[in-house]
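Open the model in your viewer and keep the selection panel at hand. The stops below go from one selection to the next.

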Amino acid sequence: MIIAATLAIFCAMILAISRAFMGPTLYDRILAVNSLGTKTVLLIALLGFVMGRPEFLDIAIVYALINFISVIAVLRYSDSNQFKENSSENEPIGKER
Amino acid sequence: MDLVISISSGICLLLGSFICVSGSIGLLRFPDFYTRMHATSVTETSGVALILIGLMILSPDLLVFAKLVMILLLGLLIGPTTGHVLAKAAYHNGLKPKLTKSGNEQSSVPSSERGGDISKS
Amino acid sequence: MLLKDLFAVTMLLSIYGLLSATFFVAMDAVDVAFTEASVGAGISTLLLLVVISVTGRRERRVRHKPYAALFVVILTSMLLVFGTSDMPYFGSADAPIHNHVAPRYLNDSMQEINVPNIVTAVLASYRAFDTFGEVVVIFTAGIGVLALMSVSSKALSKSQPLNRPRGLYEQHLVIRIVAKTLFPFIFLFALYVQFHGDFGPGGGFQAGVIFAAAFILYAMLFGLDAATKVIKPAVIELLAALGVLLYGSVGIVTLLNGGNFFDYDYLLADPIAGQHLGILIIELGVGITVTCVMIMICFGFSLRRRAYEQKVAIRPKEGAV
Amino acid sequence: MFIGLANTWVAILLMMIGLYIVIAQGNLIKKIIGLTLFQTSVFIFYISMAKVEGGTAPIFSSDISIYSNPLPHALILTAIVVGISTTALALSLIVRIKEAYGTIEEEEIQGLDEEQD
């Protein structure tokens, strides 16, 4: 049952990665990274049980923390002027040219 | 007793992984950012909780149990917060939700003005 | 890597860090996964983001001809693949790598050092001199960043209001409160990682990065001024040097007691207790140095970014070339 | 029979992607990202070499007899932290270049240099 759950989480991660690749806006990518991070936490917890040594859950805790910090970082720096989202990411390169 | 443990944890794990996968499908398939965020952040909280509870039932000793509880608490605290902040940041920086035709006209106000109004209030 | 948006590239790099750390877990390298999780997904993403917010998000259209590069790359990869034909297969127990020093580490470290985490034993005791070199490299890199990024305090007029949108720390009440409740747990967890490194995955490097991440989170949420009030840059620089000094002085003490450099057997009367004390102290030194260097780097970048933004705000033509 | 070498080939593939980015991309930040990829491929190579069939993580436990090789783990652990420090140094150089030239594209920097000469 644990292995089934591991595989399911793995599939979910693949879906999240494809969303991160496709974009289309910045926030979709941040969302995909965040969701992927949560799934990685689960995957590592599950992998610990699959491999029979579940005492290494510290890594999963670190993941949860770092995931939070990196999302905050992305938002913090996406607030600066250069990152202003003008309706769509894919429009031609900025006005300063 | 063993049977009860394995069945209950199995149910939790299966439900949790089903929820996680469905949330990810939502992340992939929904049309715009806000619906995608709705899909993931709602499902993720419950999916994480269920899978971790399933693992807690299986956990061999107290330390592992405590760590799982820690991860669960962190997940419950962090997941909704990031969802909230992401949505707020996206809205403030002018990402418009995809609306129906009548709604689209309403939201044609320049987003920077709207953002300014909201942050003042 | 055909994306023109550097921000998206950074996000994908963060995913890459997450995935490679998962790979390290699957390959039994829990300590490495620990480090990669905190460094690859956390700190390096953060640094890249700061730099991109200075240098601009868009990549200009490139007109390079990739054929020469492609030729070099394909040639090199063919040579490398040809070279792998002699490599031992994945997971084989009789590969040369498992035959020289590894059996000694695996079999004797419990008697010689009595630390369950063999990676910590190798890192901090058997190869302590090597690790010392690495710590000095980190320290030197920190000094280099400081030399390149330092801003004179006159150039940074604090009173001048910036016409940029108000930061995250002013907008988001929810995240401030959540982060405030999280800080004690992050610090507690970092201390646990620091001092539990003998028994499980963890140690000075990982704990240092987690500590630094907590401080950087604070700086991001409450502003750089508040963060520099909490921990002064001069103190950080001093502590970074002190960590290296602490590490090195352990070696000096063992020399004075009649042993080799970093031979902890001579630290105390009982060799095992000496090993434990030595590992504890040098992990502490590593943790302090890594924390301070990471904080130093991030603060340096943020200060520089702020100074740059002020310069651009004063002379907009010059900044936006 | 060559499936046992797949891990090495994946490492080579990643390394070559990194090398290609370093050579072909003009943007300095992308070059740094290429270097990071290159670096990580080396990490993956080392760690996959350390794995022993049927072994577990090298943390001593009384009921386990086979462990993976701890030496590459110790090497790579320090290499990761050193890697981020050197990356930070490179990034700070990039920030200085941006301040001095106003761009981080290699060709434009070269063009500006030639103008000055």
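How many residues of domain 1 of chain C are in contact with domain 2 of chain C? Before selecting anything, note that this is a predicted model.

**Stop 1: chain C, two domains**

Select residues 1-87 of chain C for domain 1, and residues 123-319 for domain 2. Give each domain its own colour. Where they meet, 14 residues of domain 1 touch 16 residues of domain 2. On the domain 1 side of this contact, 9 residues are nonpolar, 4 are polar and 1 is charged.

**Stop 2: chain D by itself**

Hide the rest and show chain D. Chain D holds 4 helices and 0 strands, and its order along the sequence is α-α-α-α. Along the principal axes, the C-alpha atoms of chain D occupy a box of roughly 70 × 35 × 15 Å. The radius of gyration of chain D is 20 Å, whereas a compact globule of 117 residues would come out near 13 Å.

**Stop 3: chain D against chain C**

Bring chain C back. Here 64 residues of chain D are in contact with 75 residues of chain C. On chain D, select α1 (6-24), α2 (28-50) and α3 (70-101): each of these helices supplies at least two residues of the side that touches chain C. Taken by class, the side of chain D that touches chain C has 37 nonpolar, 20 polar and 7 charged residues.

**Stop 4**

Now select helix α3 of chain B, residues 62-92, together with helix α8 of chain C, residues 173-195. Two packed helices are described by the angle and the distance between their axes. For this pair, the axes come within 9 Å and cross at roughly 155°. Angles over 145 degrees count as roughly antiparallel, and α3(B) and α8(C) are therefore roughly antiparallel to each other. The crossing of α3(B) past α8(C) is left-handed.

Show side chains for the residues that make the contact. From α3(B), these are L77(B), T81(B), H84(B) and V85(B). From α8(C), they are V174(C), I175(C) and V178(C). Colour them by class: 5 are nonpolar, 2 are polar and none is charged.

Terms used. Residues are numbered from 1 along each chain as its sequence is written. Chains are lettered from A and ligands numbered from 1 in the order in which they are written. This is a predicted model: local features need pLDDT of at least 70, side-chain atom pairs count only at pLDDT 80 or more; totals for chains, interfaces and linings use all residues. Axes are lines fitted to C-alpha atoms, for helices over the stretch in contact, and angles run from 0 to 180 degrees between N-to-C directions. Angles under 35 degrees count as roughly parallel, over 145 as roughly antiparallel, 65 to 115 as roughly perpendicular and the rest as oblique. A crossing is left-handed if the near helix is turned anticlockwise from the far one by less than a right angle, and right-handed if clockwise. Two residues are in contact if their C-beta atoms, placed from the backbone, lie within 7 Å. Ala, Val, Leu, Ile, Met, Phe, Trp, Tyr, Cys and Pro count as nonpolar, Asp, Glu, Lys and Arg as charged, and the others, Gly among them, as polar. Domain bounds come from an automatic or database domain assignment. The radius of gyration is taken over C-alpha atoms; the globule rule is 2.2 Å times the number of residues to the power 0.38.
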